[in-house]
Structure formats: C-alpha cells, structure tokens
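Please keep the sequence and the structure in view while reading.

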Amino acid sequence: PDLLFRGGVPHHRWMDVFLGHVTVHYMPGGDGTWLAVALVCLGLWVAALTAWLRARRAEAAAGMPPGIGLTGMAVLRPQGDPRRASLIHEEIGSSSDGPTTVLLHGLGASSAFWHPVAAQLNGKAHLLVPDLLGFGASIRLGTHFHLDDQAAAVVRLRERHGGGPVVLAAHSYGAAVAVAVARDRPDLVQRLVLINPAAYADAAQARARIGSKSWLAKRAMSGSPVADVACGTMCLLRKPITSLAPRMAARVSPDIPDDVARDAVRYVWPAYRDALTSLLEDNPLPAWLAAPSLPTTVVIAEGDQTVLASDLEALLGPDVDRIHL
C-alpha cells in the first residue's frame, strides 16, 4: 500500500489494515528509516541462522541427533553431550546423614516430583535427585534416549559422587530406569524401592493402560504421526504453556504443587517418545519383578488408573516386598 501511495494512488481506508502503513508517514526519516530497520532485521536473521547451523553441525560431529523441541536461545547453541555432561540434579545432605538414596522421577515430571519426600528425608539420608535426560533442567542434554542411555547417565551421576551402593527409589518410568541400573551395575545398588512401576504384562496392556489417559496419549501409544505433530508443537510452545501450567493445574487438581505442574511440560517430545517406546519394547520391569536379584520393595497405589494394582500384583514374584497405599 505504501508503494501505491508513493506512486500516486490516493489513500483508501483498506490501506490502514496493513502493518506500518499509517506509521510510515509519521516516522522520522520515512522510508529510509524503514529500510534501515529492514537491514538490521535481516542481519540479525542471518546471524541467528549462522549460529543455528553451527550448533547443528557440532551436534552432528558429536554423533548426536539434531536438537528438536528446544526453545529460546537454546536453539542457537549445541546441546550438551549426555555421554559427557552430568544430569542436572539436586544434592541434599551429605554421606554422614545416612545411606545415599537416588530419587528418579517418571514421565512428564522432574526432580520437583520428589521435593516433599526430600524434605522428609533431609538429615536422615544423603539424597541425589536428578532430572532424567531430556526432562526438567536436563532438557538440553540431547533429544533421543533409550533406557540404557538413561541408566548410564544415572550410573555416571553416582560415580561422580562416589561412595558405596545406593538405594534407588523410583516412580513409574523411573522404575524401569532404576531396574536397568541394577541389572547392569548391581555393585552400585543396595536396594530398589519402586513406586507404582510402569510394568505391564505385554505391549498391548501398556498401550491400553497408558492410552486410556487421553485421546492424545492413545495416539502416542499407537505411533500416530498426529501425536508427533501435536506433542512436538507443544514442546516448541513450552515457555508460554509453562507460564500457565501452575494456574491450570490449580484449577483442575488443587492438590498438585505448582512446581510439579510447571515441570510437567518441561521435556522434549523425542525423549518422551523414546521413553514410551522403552516401556513397550524393552521394558525390564516384568522380568525383574518376577525374580529380582537385589532386595526390591514395590509400593502399590490402589487408585492409580495407569498402572492398575491388580495388573501389578500379577507380575510380582514371592521375593518382592509389597506396600499397599
């Protein structure tokens, strides 16, 4: 419209709907100022594109898949290599407080899930509370992780802090990670405490139970591309969603702490998808629960609809200690 106006076409009301048309007539410098703004924006775009390409090349050189679902300035920097970087974690207390306990969260969660428990155990145990790869504050440590990758990251965290065997306390998917650690490095584990572990008789049961949570969960469990698009988009919009999450959670479930609700959307979709896949294809929980090789306690929540108490009871061998809630 401004070019038409400059060419002699009279001003019409429809021209006002175009961004900048009215403003351009009053901005100091007129078209010259707009040209300068355009050149600055183009320069910033080229700089951002250059940084983005450099980050993706660095990831490829390290043998990592490209960053997907990252937001803000994170897209301009290469992800941390999970084979070298440590899990972001909280350390509470010291070894003099008692046995070291590692608390592992489940899907759609972070170390914030364990804050109430950590407060109860503070001073009674030495606690390590990590965010698993691709979740919470560890969100920039890569984007594709199988169960063995998560277990190896937990092992590196333990070795970094040193000491003897630890107690692994884990919830849901975190229980699968804990069992993978115990299976691969039994020398590092003293006991397992598994809270409603995500254990299913077979892949069909896992799809039915997890898919019953929502329409989107059902699509994700079936491998539908719709889930990839929807969940990937939510990852890209994570920051605006996150700002609303605590308020939304307070309306829907007032008993959910704000930090838990906030971190429920802090993950990259490929990491979440890989975790789901591991529960379907290489879940070590059923075999372990039938015949654990280390002391194992299972806490069963009777009201959980994702892991039914009856399903879980059917998988437990005689050597497993049970606690019903």
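## The crossing of α5 and α6

In this predicted model, helix α5 passes α6 in a right-handed crossing. The axes of α5 and helix α6, the latter made up of residues 173-184, come within 9 Å and cross at roughly 70°. Because angles of 65 to 115 degrees count as roughly perpendicular, α5 and α6 are described as roughly perpendicular to each other.

On the α5 side, the residues that meet α6 are Leu147, Asp148, Gln150, Ala151, Val154 and Val155, while α6 brings Tyr173, Ala176, Val177, Ala180, Val181, Arg183 and Asp184 to the contact. Sorted by class, the contact of α5 with α6 comprises 9 nonpolar residues, 1 polar residue and 3 charged residues.

## The packing of α7 on α12

Helix α7, which covers residues 203-211, packs with α12 at an angle of about 135°, and the two axes are 8 Å apart. This angle makes α7 oblique to α12, because roughly perpendicular pairs end at 115 degrees and roughly antiparallel ones require over 145.

From α7, the contact draws on Ala203, Ala206, Arg207 and Ile210, and from α12 on Leu276, Leu279 and Leu280. By class, the residues in the contact of α7 with α12 are 6 nonpolar and 1 charged, with no polar residue.

## Aromatic pairs

How many aromatic pairs does the ring-centre rule give? The count comes to 2 aromatic pairs. In one of them, the rings of Phe113 and Trp114 have centres 5.4 Å apart and planes at 85°, so this pair is edge-to-face. Phe113 is partly exposed, having a relative accessible area of 30%, whereas Trp114, at 5% relative accessibility, counts as buried.

Phe135 and Tyr272 also form an aromatic pair, in this case a tilted one, with 6.4 Å from centre to centre and 45° between the planes. Phe135 lies in the loop between β3 (126-130) and α5 (147-161), and Tyr272 lies in helix α12 (residues 269-281), so the pair ties together parts that are 137 residues apart in sequence. Phe135 counts as buried at 1% relative accessibility, and Tyr272 counts as buried at 17%.

Ser212 is placed in the loop between α7 and α8 (215-221). Once its neighbours within four places in sequence are left aside, Ser212 is in contact with Arg207 and Gln305; Arg207 is also one of the α7 residues in the contact with α12.

Leu76 is placed in the loop between α3 (31-61) and β1 (89-92). Is Leu76 buried, exposed or partly exposed? With a relative accessible area of 24%, Leu76 is partly exposed. Leaving aside its neighbours within four places in sequence, the contacts of Leu76 are with Ala48, Ala51, Trp52 and Ala55. The C-alpha atoms of Leu76 and Leu49 are separated by 8.1 Å, and the two residues are 27 residues apart along the chain.

Definitions and conventions
Residues numbered from 1 in each chain as written. Predicted model: local features only at pLDDT ≥ 70, side-chain atom pairs only at ≥ 80, totals over all residues. Heavy atoms only, no water. Phe/Tyr/Trp six-rings, centres within 6.5 Å; stacked < 30°, edge-to-face > 60°. Buried < 20%, exposed > 50% of the residue type's maximum accessible area, 1.4 Å probe, protein only. Helix = DSSP H or I, 4+ residues; strand = E, 2+ residues; numbered from the N terminus. Axes fitted to C-alpha atoms, helices over the stretch in contact; angles between N-to-C directions. Parallel < 35°, antiparallel > 145°, perpendicular 65-115°, else oblique. Left-handed = near helix turned anticlockwise from the far one by under 90°. Contact = heavy atoms within 4.5 Å. Nonpolar A, V, L, I, M, F, W, Y, C, P; charged D, E, K, R; others polar.
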